[in-house]
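Let's take a friendly walk through this model, one piece at a time. Keep the picture open while you read.

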Amino acid sequence: MSSIVVSSPGKVLLAGGYLVLDPAYSGVVVSTSSRFYTVIQPAGAAPAQITVRSPQFLDATWSYTCNVDDRAQPPTVVVSQVESPASASKNKFVHLALQKTLSLALEDKGAATLSQSLAQGLTITIAGDNDFYSQQDQLAKLGLPSELASLSKIPPFASTGVHLPDVSKTGLGSSAALITSLVTALLVHTGVIAPAALAGGEVTLAHRFAHNLAQFVHCLAQGKVGSGFDVAAAVFGSQLYTRFNPAVIQHLMDDTSGTQPLLPTISPGNAAWDYQVKPFKLPPHTRILLADIHAGSNTPLLVGQVLKWRKENPAEAHSLWTSLDQVNTSLGQTLTRLSELHSQNPDAYLETVRYISSLTSVQWLANPNMQQHHAHCLEAFYEAHLLTEQIRTKMREMGGLSGVEIEPAQQTKLLDESVALAGVIGGGVPGAGGFDAVWLLVAEPPLPIYGIPPVQLIERLWSEYKGVSPLLSTESRAQGVILEDLDAIPGLKDAVSASA
Ligand SMILES: Nc1ncnc2c1ncn2[C@@H]1O[C@H](COP(=O)(O)OP(=O)(O)OP(=O)(O)O)[C@@H](O)[C@H]1O
Ligand SMILES: C[C@@](O)(CCOP(=O)(O)O)CC(=O)O
């Protein structure tokens, strides 16, 4: 049997941080070209033995046995870690993904089919694109400047040289992308979902199945039910996301013995999953550019403080949440309108992107001789700029009121200077904000353009900041979770054999 390879993208929450925790509000979510890959191969070893390896980390091999008991009523499967060596590290996220996915497969397919799919044992390799982890130490060691070209010189799936808990993450949602690719690959391997359902580029029931399971496993591993936008991005790609009601999985979260059936809850036919995923993508000839700040924030701490303030100041919070939601929603609409303007008149749209790429946003509307079809595009780009600035102002207000550094002063300076460069449409702090990252939306027309490409201007500016480095990620073209071909992903085969 050949390998099963499934990948899932990371995420950036452009707008909707904190609000998206409440089903009354939605978030603008971009999925990234940086992905997590899960490769499942028959181990040719003892039945029901599963070895999971994460070759980018030290001591990151976890061995499990799966005990399928078909005489129990109902039949059960118990995944236990093999404690050898005694010092073996644990990985709660991986262990729960195996346990819950195999339990679901048992309910759906029966004990005989599950045992058959585990008959040769499995070797599972997990690999994340380099962007998920800060590469700044690696660049320093190689004596390379913090630029996109330098990052391209680091081999794919580079070793981090550290243990998993010690890695410096970039906030792209490693655990959500990992869980989504792992549970989906296992659902394919056990026959719960058909591989073809993930290969056609269309959203299918299989996606909803994978989403519901990944969402539940991720919540269980994190010990809490967040908004779930990260898992939704990993499954469906870029979107306007409205959260699900946590009540749908509460009984499973409370089931410490793990005896409750999963299928009735996880099934894609369960209407209690009320999340909404509306189509969204960034406008053509623009790109997202992310900065790794190499410091990091404790998101649960920030969330706890903001929600505490909201609870204690309901009237003030309601008015801030309402006005912030208006600008967040407008940003999603304006970016969507730009894509529509491109469809209506691709030439005029492209000329406009070329034009704005050489000017700063304050200059965009200064030309009195602008033709009308250009003016429509220009106004929409300028509106996107204004909206991102309004969102920043309101997020700083939220931070000031709740005593949380949502857009810390350092990021304000960095963003103000970045947004003032030619060709930069807007920017902000993604998600919960803090010291994780910043994002920019940048004009990126095909060459030739007048002047220096905006991305290069930004790289020059960022190189003056210590600890600030661009990430390679752009928006994922392939949307969400997909079936891959092992040979088509540069470096993945080597990562798999390096771990064998
Ligand atoms: N490459 C990997 N291999 C195996 N497990 C991983 C890997 N990357 C992450 N994990 C799992 O995910 C956990 C980290 O989850 P956590 O929720 O802290 O990160 P996160 O919030 O998703 O990070 P970020 O958004 O910054 O990428 C790790 O403890 C580990 O269990
Ligand atoms: C604050 C919050 O709304 C967003 C957190 O986003 P991020 O992990 O900082 O990208 C929390 C959540 O949605 O679960």
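## Strand E3 and its partners

Gln49 stands opposite Thr65 in E4. The two strands here are E3 (residues 49-53) and E4 (residues 61-69), which run antiparallel and are joined by five bridges. Strands count as paired if DSSP finds at least two bridges between them. Helices (H or I, at least four residues) and strands (E, at least two) are DSSP runs, numbered from the N terminus.

E3 also pairs with E6, this time in the parallel sense, over four bridges. There, Ile50 stands opposite Leu122 in E6. Both kinds of pairing work through backbone hydrogen bonds.

## A quick word on the model

This is a predicted model, in which local features need pLDDT of at least 70 and side-chain atom pairs count only at pLDDT 80 or more, while totals for chains, interfaces and linings use all residues. Residues are numbered from 1 along each chain as its sequence is written, and chains are lettered from A and ligands numbered from 1 in the order in which they are written.

## Around ligand 1

Which residues come nearest to ligand 1? They are Ser54, Phe93, Lys169, Ser174 and Ser175, out of 19 residues around the ligand. A residue is near if its C-beta atom, placed from the backbone, lies within 6 Å.

Helix H1 (92-109), strand E6 (122-128) and H5 are the elements that give two or more residues to this shell. H5 has the largest share, with four residues. Sorted by class, the shell has eight nonpolar, nine polar and two charged residues. For the classes, Ala, Val, Leu, Ile, Met, Phe, Trp, Tyr, Cys and Pro count as nonpolar, Asp, Glu, Lys and Arg as charged, and the others, Gly among them, as polar.

## H5 and its helix neighbours

H1 and H5 pack at an angle of about 30°, with their axes 10 Å apart. Axes are lines fitted to C-alpha atoms, for helices over the stretch in contact, and angles run from 0 to 180 degrees between N-to-C directions. H1 and H5 are therefore roughly parallel to each other; the labels are roughly parallel for angles under 35 degrees, roughly antiparallel for over 145, roughly perpendicular for 65 to 115, and oblique for the rest. On the H1 side, Phe93, Val94, Ala97 and Thr101 meet residues of H5, among them Ser175, Leu178 and Ile179. That contact has nine nonpolar, two polar and no charged residues. Being in contact takes C-beta atoms, placed from the backbone, within 7 Å.

H5 (residues 174-189) also packs against H7 (residues 229-236), at about 45° and with axes 9 Å apart. That angle makes H5 oblique to H7. Ala176, Ala177 and Thr180 in H5 meet Asp230, Val231, Ala234 and Val235 in H7. This group divides into five nonpolar, one polar and one charged.

## The four-stranded sheet

What is the order of the strands in the open sheet of four? It goes E10-E11-E9-E12, with antiparallel pairing. E10 (424-428) and E12 (469-470) stand at the edges with a single partner strand each, so one side of each has no neighbour in the sheet. Further in, E9 (residues 286-292) and E11 (residues 437-443) pair in the antiparallel sense over seven bridges, and Thr286 stands opposite Ala443 in E11.

Helices join in too. H14 (residues 409-419) packs on the sheet, touching E10 and E11, and its direction makes about 170° with that of E10. H15 (residues 454-463) lies across E9, E10, E11 and E12, running at about 150° to E11.

Note on methods:
Contact = placed C-beta atoms within 7 Å.
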